[in-house]
Amino acid sequence: MTFEAVEKSFRMVGMEARGEFSDFGESVPALAKTMMERAAEVKHSTGIEIALFETKRGEGHRTGRYVVGLMVEERQDAPSGMVYVEAGGKYVSGRAPIEKVADLHEKAVAWGGEHGFERNLSADIIEVYHALEDGEDVEIFLPVKG
């Protein structure tokens, strides 16, 4: 796995929810499935799936917000039951097969620390999903300060 520091901005339309961080492995894919059933309602979609996650700030922080949806080319009004979100800043980024997402996050945090980046715990973590012929890759963007 390779990592880099990048500055990037994102626009998306998606469905928002809150839940226990420990349940994200089940609740996020379930909401993504519901969102994809409504994908045709999103105007100017790039067709690329994206998710934003509130950053867990410590052991006592048990619930968080997440948004799953599609990247869009321009600002727009979201369909009923959806939200439009813009995010951006400086990130530590890396990409791997979806099955290795937990390892990818762990190694990105370590790489960022080794290279002098301090995590920005008030910004959302972003995952962008890339469909492949034989599976799916996930590209993560962990927010850092500076």
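1. Aromatic pairs. The count is eight, taking rings of Phe, Tyr and Trp (its six-membered ring) as paired if their centres lie within 6.5 Å. Planes under 30 degrees apart are called stacked, over 60 edge-to-face, and the rest tilted. F21 and F24 make a tilted pair, because their ring centres are 5.2 Å apart and their planes stand at 55 degrees. W111 and F117 are stacked, with centres 6.1 Å apart and planes at 15 degrees. One aromatic cluster is formed by F21, F24, F53 and Y66.

2. Basis. This is a predicted model: local features need pLDDT of at least 70, side-chain atom pairs count only at pLDDT 80 or more, and totals for chains, interfaces and linings use all residues. Residues are numbered from 1 along each chain as its sequence is written, and side-chain values use heavy atoms, leaving out hydrogens and water.

3. Main core. A nonpolar core is a set of buried (under 20% relative accessible area, 1.4 Å probe, protein chains only) Ala, Val, Leu, Ile, Met, Phe, Trp, Tyr and Cys residues joined through side-chain atoms within 4.5 Å. The largest has 29 residues; M35, V42, F53, Y66 and V68 have the most contacts inside it. Helix α1 (24-37) gives the most to this core, with five residues.

4. M35. Its contacts (heavy atoms within 4.5 Å), leaving aside neighbours within four places in sequence, include V13, V42, V68 and M82.

Notes. Buried means under 20% relative accessible area, exposed over 50%, partly exposed in between (1.4 Å probe, protein chains only). Helices (H or I, at least four residues) and strands (E, at least two) are DSSP runs, numbered from the N terminus.
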